[in-house]
Amino acid sequence: GAGSLTLNATDASASVVEPDLTVNKSVSSPTPAPNSTLTYTLDIQHSGASNAPAYDVHILDTLPAGLTSLTNVNVTSVANWATGVVNDSTASVLEITIGTVPLGCAVSITYDDTVNGAVGSNQANSVAVDWTSQTGAVYERTGADSPGGALNDYADTDSESVTISGADLSIVKSDGSATYIPGTAINYTIT
């Protein structure tokens with residue numbers, strides 16, 4: 001038989017639940033000397049707008065040419081809440097993957113490198129962090145269009161620059177002569 005259907009309009013509400021991480025990068029000295037060791041710290045945490053765990057968190061930090069020998073990578077989190085930490089770093093690239101950063105969890109990553117650039121050179125060093133809101137999701141936002149992207153903005157970056165400082169010394173030794181007579185004294189000048 002024929003029937004009727006009556007629909008009543010009602011207001012529906014929905015809450016969007018998604019993670020929002022921030023990264024802050026700091027360095028032990030903004031003016032390091034040649035051959036010294038720098039320590040970088042990366043602090044990753046949920047922003048005030050975040051209301052869900054972040055998954056598949058990927059941290060990538062490639063050293064500039066004047067900084068080398070990345071060592072002593074250390075990853076810590078509040079009460080060890082972050083899980084699935086994998087360190088795939090090399091001597092010139094920090095690469096960390098964290099399976100889950102629960103809501104309220106903060107992660108701190110420290111690492112050392114050696115200053116090898118020329119005195120006076122500026123060494124800009126940037127870190128990029130991206131994540132998803134579902135673990136292992138194939139069609140999930142990944143931060144691929146960078147921070148501030150229109151639809152795919154699960155990403156953040158920060159950078160820290162250092163200027164290599166110190167005395168630019170050289171030593172020149174000269175005797176002021178191109179020919180020598182055996183048995184005579186030679187006077188050297190060091191400048």
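## Basis of the model

Residues are numbered from 1 along each chain as its sequence is written, and side-chain values use heavy atoms, with hydrogens and water left out. Because the model is predicted, local features need pLDDT of at least 70 and side-chain atom pairs count only at pLDDT 80 or more, while totals for chains, interfaces and linings use all residues.

## Strand pairing

Strand E8 (residues 122-132) pairs in the antiparallel sense with strand E3 (residues 54-62) over five bridges, and with strand E9 (residues 155-163), again in the antiparallel sense, over nine bridges. Strands are DSSP runs of E with at least two residues, numbered from the N terminus, and two of them pair if DSSP finds at least two bridges between them. Leu 60 stands opposite Ala 128 in E8, whereas Ala 124 stands opposite Ser 161 in E9.

## Aromatic pairs

The count comes to two aromatic pairs, where rings of Phe, Tyr and Trp (its six-membered ring) pair if their centres lie within 6.5 Å, and planes under 30 degrees apart count as stacked, over 60 as edge-to-face and the rest as tilted. Tyr 40 and Tyr 111 are stacked, at 5.4 Å centre to centre with 20 degrees between the planes; Tyr 40 lies in strand E2 (residues 37-46) and Tyr 111 in strand E7 (residues 106-115), 71 residues apart.

Tyr 40 is buried at a relative accessible area of 0%, since buried means under 20%, exposed over 50% and partly exposed in between (1.4 Å probe, protein chains only). Trp 131 and Tyr 154 are also stacked, at 6.0 Å centre to centre with 10 degrees between the planes, and both residues are buried.

Methods. Helix = DSSP H or I, 4+ residues; strand = E, 2+ residues; numbered from the N terminus.
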